[in-house]
Amino acid sequence: LAVMVGAPIVIQGRERMLQVKTIEAEINQLVAETRYSLRLANPNTQQALRDGIQALSMAIELSGEPQHAAEDLVHDVLQQARLDTTISLDNYFLQDMEQAGGIIAGAASDGAIRLWQTNEIGLLAPQGSFYCDAGAAANKVALGGRRVAVATESNMVCVWNLDAKEPVFRQQFKSDSKVRMDLSDDGETLATASLDWVRVWDMATGQQIDDFHAGAGVIFDIDFQHTGSFLVALARNGIVVRDYREGSTVWETNPDDLASHFSIARDGQLAISNDGTWMVVTQDEQILLWQKQSTIENTSFVLFDRLKTAHSAGITTASFSDNGECFATASPDQFVKVWETRNRRLRFVLSGHVATPTSVVFGSPPPATAASDASMCGTELFSAGEDKTIKRWNVGASRDLLTISLSASFVESVAVSPN
């Protein structure tokens, strides 16, 4: 099968050349969805398409309806191209990733959300891809329940049902700043943030159920607590912790408290531990570690420590281990670092990326017996970035177990399931 985008499809049979024009509209539509282009296909894919010409011409000659035969084959190959993440469809990288339910999701710079399933021997099998806004890079991905959400550079936010493989939410935000989003652990609640406002959405109805004002400048990041009801918003000069189920603010930073004052000049990152005890906020090369303090009357967070030289070139992402005992950070200095939370000790330095790692997430939770040994942080960690790879690390051994090359690709966001 030969597909020439932007021109009629020419199929040469044994005795004649058949020019099929009626399926050009369908091809253009699928091309718009997949951003597939023969010019950008890898050499093996191009050769496979050329080799298919003879098979197609024979099928046409044997068929009583050659046009329909061509339509079916074109449709099949383009559908496969859309679903097969092993084919290099475009020049992209992953900017974010997350995991849930055995699935890893990556937000790609070509606008796609690409999915992998961890199999029984630890390899990652492609599970297809989705597009939110054709032509707009995806910069954030989140998994919850059987749903996956994505935000794009065009400020479009979409949510898909992974079982039905169809969108359940799509919203265009008109904002001068980047739209942030996160999905609750059960996939029932979506939070979006633009400028200094956060909106909360019910995924069963697609309706907005809450909103609140951060009150401290542009919002850089928002994060759901995985096993509780906290929704945290990080703004330029402050933090707001919201009980999204009750629709009430639990705590926010006091601008008059100089001891905990901070100001973020560029994108800061936020992570909250599963039990809501710890928060990490990144400020340039620094890590700000916050600890929850609860009384009968209220809940608050105090600045526990500042790690002023955590990395040498800023911090791109942060993530807690399942038990909150450790957290990981990554930086343009090309290192992924794993820290013990309570004593702030640098536990592991993972070296192997050759460009900026943009996303880190812990994989399997630590064993119940791992109180003080090397596996207290968990046995594995995933990282991805601008070197066009996803790496799966053995944390205790500080070595990568698996590297997935994304050809002419890079990763913005990755997510990994709890199991």
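Predicted model: local features only at pLDDT ≥ 70, side-chain atom pairs only at ≥ 80, totals over all residues.
Residues are numbered from 1 along each chain as its sequence is written, and side-chain values use heavy atoms, with hydrogens and water left out.

Visitor: How many salt bridges are there?
Guide: A salt bridge here is a side-chain nitrogen of Lys or Arg within 4 Å of a carboxyl oxygen of Asp or Glu. By this rule the count comes to 7.

Visitor: Is R242, which forms a salt bridge with D210, buried or exposed?
Guide: The closest N and O atoms of R242 and D210 are 3.1 Å apart. Buried means under 20% relative accessible area, exposed over 50%, and partly exposed in between (1.4 Å probe, protein chains only). R242 has a relative accessible area of 9%, so R242 is buried.

Visitor: Which residue meets R344 in a salt bridge?
Guide: R344 is partly exposed, with a relative accessible area of 28%. Its N to O distance in the bridge is 2.8 Å, and the partner is D305.

Visitor: Which residues make the nonpolar surface patch of about 210 Å²?
Guide: Patches are made of residues with over 30% relative accessible area and no salt bridge; like charges are joined within 9 Å, and nonpolar side chains (Val, Leu, Ile, Met, Phe, Trp, Tyr) within 5 Å. F335 is partly exposed, at 33% relative accessibility. The patch is made by F335, L346 and V349.

Technical notes. Areas by Shrake-Rupley, 256 points an atom, 1.4 Å probe, with all protein chains shown as cover.
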